[in-house]
Amino acid sequence: MDIKVTLTDNPKQKFTDEGTLGFGRIFTDHMFTMEYEEGKGWFNPQITPYHNFTLDPATVVFHYGQEIFEGLKAYKDENGAVRLFRADKNFARLNSSCDRLCMARINEEDALMALEKLLEIEKDWIPTSLGTSLYIRPFMFGTDVRLGVSASTKYTFAIILSPSGPYYNNGLIPVSIYVEDEYVRAAPGGTGSAKAGGNYAASILAGQKAKEKGYSQVLWLDATRQYVEEVGAMNIFFVIDGKLVTPKLNGSILPGITRDSVITLAKDLGIPVEEKQIAISEIEEAHSKGILNECFGTGTAAVISPVGELFYKGKKMIINDNKMGDKAQLLYNKLTDIQYKGLGDKFGWSKTLNI
Ligand SMILES: *Cc1c(COP(=O)(O)O)cnc(C)c1O
């Protein structure tokens with residue numbers, strides 16, 4: 001793939017304080033885009049100055065939501081080495097999301113190459129202090145201009161970059177989570193396992209309701225309101241009587257790359273792991289017996305986020321005295337050592353870029 005590069009002659013003022021970056025609020029000087037047309041394939045791969053899209057009001061994405069995305073990070077260590085973590089998995093997952101939403105698959109190697117080229121240009125935007133990273137947002141949307149409902153024949157794929165601080169301002173302080181028993185995120189046969197913007201649109205109402213009640217996020221149950229699914233932008237893990245358990249992938253849960261990494265790391269560390277259907281009643285029972293040792297969420301943005309409280313049907317379950325548990329801490333340390341320093345990477349997950 002031959003990428004046309006046009007550099008900005010008006011670079012933005014870079015951040016001066018990495019501590020105030022927040023998440024996803026500022027963007028770098030350049031972006032990658034390419035376009036697709038049925039019969040022609042992907043064309044016009046470009047790195048250009050960061051710019052607005054100009055779209056006809058009748059563009060399909062505005063009306064029928066044919067949009068998917070990915071989220072990954074580039075990490076820079078104190079020696080200036082830049083690393084990606086399992087980026088191939090993100091582009092493979094983008095293609096499975098494409099399949100579910102009838103969108104045009106990309107060439108995964110080309111997309112990775114385009115990302116590396118963009119990172120080479122933007123490497124000075126990657127923060128270095130602990131917990132910070134350059135958040136990478138690849139996304140794709142349908143660009144046909146018409147109101148008829150069918151798969152778009154044209155698409156735009158883009159990658160934008162956002163220097164980000166730690167996802168949670170207060171670090172690894174446990175979060176309180178509302179177990180949602182009214183609204184449902186995904187159902188069997190739906191789009192729950194695709195990383196589609198529409199899934200998020202459908203989840204906002206429950207998120208607002210939880211926030212009004214003082215909870216930072218929602219734990220979704222399945223369509224029968226009996227089984228635990230995930231936290232919306234994170235997969236969920238429990239430590240019950242020393243064993244790590246997480247809902248098995250059932251088609252309505254997003255197959256998280258952090259989830260897969262945590263399972264692999266835990267097994268390697270000799271921690272027993274089980275992927276299974278988990279009833280919320282089982283969590284209540286484990287809590288009342290005093291064997292619900294830990295609970296935490298996993299996702300690229302937050303890495304590992306301990307859960308200190310679950311609120312379900314009017315009842316508070318406080319977990320591990322509202323403190324981060326040993327297993328969560330151990331897995332967090334192992335994972336971030338690989339991501340930030342390539343340390344202890346037995347699995348070939350971390351790739352140091354030659355930039
Ligand atoms: C992205 C995402 C996750 C986490 O996936 P990672 O690959 O670990 O970042 C979990 N759930 C949902 C709904 C997501 O969109």
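A residue is called buried under 20% relative accessible area, exposed over 50%, and partly exposed in between, with a 1.4 Å probe and only the protein chains as cover. The exercises below concern a predicted model, in which local features need pLDDT of at least 70 and side-chain atom pairs count only at pLDDT 80 or more, while totals for chains, interfaces and linings use all residues. Residues are numbered from 1 along each chain as its sequence is written, and side-chain values use heavy atoms, with hydrogens and water left out.

**Exercise 1. Accessibility of two alanines**

Determine where Ala 151 and Ala 279 lie, and whether each is buried, partly exposed or exposed.

Solution. 
Step 1. Helices (H or I, at least four residues) and strands (E, at least two) are DSSP runs, numbered from the N terminus. Ala 151 belongs to the loop between β7 and β8 (154-164).
Step 2. The relative accessible area of Ala 151 is 34%, so this residue is partly exposed.
Step 3. The C-alpha atom of Ala 151 is 7.0 Å from that of Met 103, although 48 residues separate the two along the chain.
Step 4. Ala 279 is located in the loop between β13 (273-276) and α7 (280-289). With a relative accessible area of 16%, Ala 279 is buried.
Step 5. Between the C-alpha atoms of Ala 279 and Pro 247 there are 9.3 Å, and along the chain these residues are 32 apart.

**Exercise 2. The surroundings of the ligand**

Describe which residues surround the ligand and which polar atoms approach its oxygen atoms.

Solution. 
Step 1. A residue is counted as near a molecule or strand if one of its heavy atoms lies within 4 Å of it. The ligand is surrounded by 15 residues, and the closest are Lys 195, Tyr 200, Glu 230, Thr 258 and Thr 300.
Step 2. Ala, Val, Leu, Ile, Met, Phe, Trp, Tyr, Cys and Pro count as nonpolar, Asp, Glu, Lys and Arg as charged, and the others, Gly among them, as polar. In these classes the shell holds 5 nonpolar, 6 polar and 4 charged residues.
Step 3. A polar contact is a pair of N or O atoms within 3.5 Å; within protein, one must be able to donate a hydrogen and the other to accept it, and residues adjacent in sequence count only if both atoms are side-chain atoms.
Step 4. The side chain of Arg 93 places an N or O atom 2.8 Å from an oxygen atom of the ligand. Ile 257 contributes a backbone N or O atom, 2.8 Å from an oxygen atom of the ligand. For Thr 300, a polar side-chain atom is 2.6 Å from an oxygen atom of the ligand.
Step 5. Taken alone, the ligand exposes 380 Å², of which the protein buries 97%. Such areas come from the Shrake-Rupley method with a 1.4 Å probe; for residues, only the protein chains shown count as cover.

**Exercise 3. Aromatic rings**

State how many aromatic pairs the whole structure contains, and characterise the pair of Phe 53 and Phe 139.

Solution. 
Step 1. Rings of Phe, Tyr and Trp (its six-membered ring) pair if their centres lie within 6.5 Å; planes under 30 degrees apart count as stacked, over 60 as edge-to-face and the rest as tilted.
Step 2. Phe 53 and Phe 139 pair edge-to-face, with 6.3 Å from centre to centre and 75° between the planes.
Step 3. This pair joins distant parts of the chain, 86 residues apart: Phe 53 is in the loop between β3 (41-49) and α1 (60-64), and Phe 139 is in strand β7 (residues 133-142).
Step 4. Phe 53 is partly exposed at 33% relative accessible area, whereas Phe 139 is buried at 14%.
Step 5. One aromatic cluster is formed by Phe 32, Tyr 36, Trp 42, Tyr 155 and Phe 157.
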